[in-house]
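Dear colleague,

I am passing on the structure we spoke about, with the sequence alongside, and my notes follow below it. Please read them with the model open.

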Amino acid sequence: MFEILLNHYPVLLKGLTTTLVVSLSAIALGLVLGVLLAFGLTSRYRLVRWPCGLYRSFWRGTPILLQLLLVYYLLPEMGIEIAPISAAILTLTLNTGAFQAEIFRSGISHIPAGQIEAARMAGISAWQTRRRIIMPQVFRLTLPPLTNEIITIVKNSSLISVIAVTELMRVSEQIASRTFQPLETYLAAALLYLAVNLVLARISAYLERRMSGGLATD
């Protein structure tokens, strides 16, 4: 395993970089989508809640591998040419957006209604109430499940090799086919995935402590 890492670290790091670019891009874009969907899911209007709920059900209820293939092959059929890496980012964004929406919806449901009513009585707009009162608390409440979702997306990014994106898993397959050392190669890839996810978990724990400290101070 360590021999594979030493002999092929440039190409492994290149694949890992692609994995991180795709995963973190999808997480960032999915966060914006998830927040919008969460407010749609908690809207008082059925015409807003219904399509948001339908979207959430589709992207949470179908395999991510199928979603990748649908986006990659469907868009060209509609006359939209898309590069494999763009299709990967788009698919993972649409997928994680649905999962993050449910995480944020759960967080929003834990905000006391009295806070929102007090903000309304004070003349604070709905946008300002969401930005300054609701979402800071929601991020504090949902950081652990959000971290799990980030780690899940990093792991799920191993599937994007199916649409010819040269990320860590595809690079590992190529090395294994050249060296005839599949076990050592995939163990090396597993070590890199584990290292990334451990770093993400430590960052999340640090942020959670900081937020808890800020909350206690408040």
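To begin with the annotation, the UniProt record, an unreviewed entry, lists residues 16-204 as "domain: ABC transmembrane type-1". Please bear in mind that this is a predicted model. Over residues 16-204 the chain is 83% helix and 0% strand, with the end C-alpha atoms lying 20 Å apart.

Within helix α4, which runs over residues 84-109, I looked at Thr96. Thr96 has a relative accessibility of 0% and therefore counts as buried, since buried means under 20%. Leaving aside residues up to four places away in sequence, Thr96 is in contact with Ala26, Ile27 and Gly30, and also with Glu149 and Ile153.

The other element I went through is helix α7, which comprises 12 residues, 168-179, and spans 16 Å from its first C-alpha to its last, close to the 16 Å expected at 1.5 Å a residue. The buried residues in α7 are Leu168, Val171, Ser172, Ile175 and Ala176. Viewed down the axis of α7, these buried residues fall within an arc of 135°, so they line one face of the helix.

Both ends of this helix deserve a look. At the N-terminal end, α7 is capped by Glu167, which has a side-chain oxygen 2.9 Å from the backbone nitrogen of Met169. At the other end, α7 is followed by Phe180, a residue whose phi is positive, near 60°.

Conventions
Residues numbered from 1 in each chain as written. Predicted model: local features only at pLDDT ≥ 70, side-chain atom pairs only at ≥ 80, totals over all residues. Heavy atoms only, no water. Helix = DSSP H or I, 4+ residues; strand = E, 2+ residues; numbered from the N terminus. Buried < 20%, exposed > 50% of the residue type's maximum accessible area, 1.4 Å probe, protein only. Contact = heavy atoms within 4.5 Å. Expected span 1.5 Å × (residues − 1). Arc of directions from axis to C-beta. Polar contact = N/O pair within 3.5 Å; in protein donor to acceptor, adjacent residues only side chain to side chain. UniProt positions renumbered as here; feature names shortened; annotations may be inferred.
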